[in-house]
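Subject: Structure handover

Hello,

Here is the structure you were waiting for. My notes on its pockets, surface and charge pairs follow below.

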Amino acid sequence: GPAAILGAGLLDLISGITAVDLVEVQVVGMEPERGPSGFLSEQALVACLDRAATEIADAIGGERFPLVVAGDCPVLLAGLEAIRRSSGRPGIMFVDGHEDAWDPSSSPTGEASDCEMGLALGDIPLPDGLAFRHPAVAAEDTAFLGPRDRKEILDAGWRSVADRVPFVDGPTLTAAPIAMIASEHAQRLRDGTDGWWLHIDLD
């Protein structure tokens with residue numbers, strides 16, 4: 001997926017790029033079973049996130065702009081950890097059709113992509129062996145834009161994060177001036193954090 005997106009000319013669409021350092025973080029050791037913390041391919045997940053955090057922190061430390069093209073949402077945890085290591089207090093603008101805050105034991109799949117914001121907010125223990133700060137981000141240093149799955153979450157007996165984080169659901173966002181809403185949250189994150197991560201899930 002990432003290779004196809006880059007091959008389709010993603011970098012040509014971004015203005016101001018004078019040089020590009022491409023770094024590939026390999027995902028190895030995928031296993032179709034859940035690990036001790038309830039996640040699929042848990043050891044591969046931990047190794048990938050650890051390496052990604054190191055590479056992103058190196059980019060930030062070298063005053064380069066990190067653009068991460070990934071096949072799975074949990075990579076945002078590496079971005080938050082890299083900001084913490086490099087500058088301090090991180091924030092995140094989370095643009096996604098789903099809240100992604102399930103407990104892995106409640107997730108029907110065990111995929112970390114169902115759970116990454118629950119991990120980031122500290123509601124779910126980190127996978128075994130992942131030495132990241134936990135929680136990765138404070139609730140007030142987030143912006144959830146676009147989730148549309150609250151009914152599914154509540155029907156399953158799980159809890160939505162909508163009542164405790166800055167949150168604009170999908171229908172509201174669709175009917176609103178999106179650029180204005182995004183700009184307001186971006187300004188709030190700029191003012192309140194030492195650096196913030198923009199996460200966009202293409203769903």
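A salt bridge here is a side-chain nitrogen of Lys or Arg within 4 Å of a carboxyl oxygen of Asp or Glu. This is a predicted model, in which local features need pLDDT of at least 70 and side-chain atom pairs count only at pLDDT 80 or more, while totals for chains, interfaces and linings use all residues. Residues are numbered from 1 along each chain as its sequence is written, and side-chain values use heavy atoms, with hydrogens and water left out.

Salt bridges

Side chains of opposite charge can pair when their charged atoms come close. The structure holds eight salt bridges. One of them joins E55 to R51, with 3.0 Å between the closest N and O atoms. Both residues sit in helix α2, four residues apart, so about one helical turn separates them. (Helices are DSSP runs of H or I with at least four residues, strands are runs of E with at least two, and both are numbered from the N terminus.) E55 is partly exposed at 24% relative accessibility, and R51 is partly exposed at 36%. For these classes, buried means under 20% relative accessible area, exposed means over 50%, and partly exposed lies in between, with a 1.4 Å probe and protein chains only.

E81 is buried, at 2% relative accessible area, whereas R85 is partly exposed at 37%.

R150 and D163 form another salt bridge, with the closest N and O atoms 3.0 Å apart. This pair links distant parts of the chain: R150 is in helix α5 (residues 150-155), and D163 is 13 residues away in the loop between α5 and β3 (167-168). R150 is partly exposed at 34%, and D163 is exposed at 65%. Elsewhere, salt bridges with shared partners join E81, R84 and R85 into one network.

Pockets

A pocket is an open set of points on a 1 Å grid over the protein atoms alone, where a 1.4 Å probe fits and protein lies on both sides within 12 Å along at least five of seven lines; lining residues have an atom within 4 Å of a point. Volume is the space filled by probe spheres set on the points, which are joined across faces, edges and corners.

The largest pocket holds about 1400 Å³ of space. Its lining has 43 residues, and V23, V25, L67, V68 and V69 lie nearest its centre. The elements that give two or more residues to this lining are α1 and α2, and α2 gives the most, with nine.

The second largest pocket has a volume of about 890 Å³. Of its 26 lining residues, L67, V68, L198, H199 and I200 are the closest to its centre. β4 (195-200) gives the most to this lining, with six residues.

Surface patch

L6, L13, I14, I17, V20, L22, F65 and L67 make a nonpolar surface patch of about 820 Å². Patches take residues with over 30% relative accessible area and no salt bridge, joining nonpolar side chains (Val, Leu, Ile, Met, Phe, Trp, Tyr) within 5 Å and like charges within 9 Å. Areas come from the Shrake-Rupley method with a 1.4 Å probe, and for residues only the protein chains shown count as cover. I14 lies in the loop between α1 (2-7) and α2 (42-61) and is partly exposed, at 36% relative accessibility.

Regards
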